[in-house]
Amino acid sequence: MTPPLLSLLDMPAVTVPRLETPDLLLRGPLPTDLPEFTALSNDPAFYRFLGNKPQTEEEVWRRMLGQLGHWAMFGYGAWSIEEKATGQYCGSVGFFDFQRDLTPSLKGTLEAGWTIAPRLHGRGYASQAVQAALAWIEPRFPQARLTCIIDPNNVASLAVARKFHFHEFARATYHGESIVLLERRTDFSG
């Protein structure tokens, strides 16, 4: 007898490595993340720097499928972040190839991204997640150019980017919003 589809989806994707930090578990997205991810995506404190509009459950679901799709197509993607102390979904971190219609282009780069639930801001969780993700990706893709885009008003995210040696190389408009384009330095001499 074939198991129901949802029970198959409840199993973590074997292609997504599990990473741990002192406070976090980074794992593949699971269907059980959908309610919390949807709630986060409707919190103005969460989405204000992510297009400044809430997302429906359908949009969040497609986003989760895209996160898993990156792993299947490229061997990298996004991890769901789970807080160890509570077992709750609290954000995501990872690398993408979104084929953005953007000048200057980020095509062909590994675009880093991270989000953390506003209730957990200030605890160093974004730094823990980014550090673990970078430690995983860099040995596997040593020649890759790492980039990210951040809203210029997202001071906390820009600080995380700087902490991990991303530096601004351009400013642009994306979907009608100003953004900062950053790339990770590979030589940390200055």
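Trainee: In which loop does T21 lie?

Mentor: This is a predicted model, where local features need pLDDT of at least 70, side-chain atom pairs count only at pLDDT 80 or more, and totals for chains, interfaces and linings use all residues. Residues are numbered from 1 along each chain as its sequence is written, and side-chain values use heavy atoms, leaving out hydrogens and water. Strands here are DSSP runs (E, at least two residues), as helices are (H or I, at least four), numbered from the N terminus. T21 lies in the loop between β1 (19-20) and β2 (24-27).

Trainee: Is T21 buried or exposed?

Mentor: Buried means under 20% relative accessible area, exposed over 50%, partly exposed in between (1.4 Å probe, protein chains only). T21 has 8%, so T21 is buried.

Trainee: Which residues is T21 in contact with, leaving aside neighbours within four places in sequence?

Mentor: Contact means heavy atoms within 4.5 Å. On that basis, T21 has L26, K84, Q128 and A132.

Trainee: Which residues of the largest nonpolar core touch the most other members?

Mentor: A nonpolar core is a set of buried Ala, Val, Leu, Ile, Met, Phe, Trp, Tyr and Cys residues joined through side-chain atoms within 4.5 Å. Of its 43 residues, those touching the most other members are W79, V93, F95 and W114.
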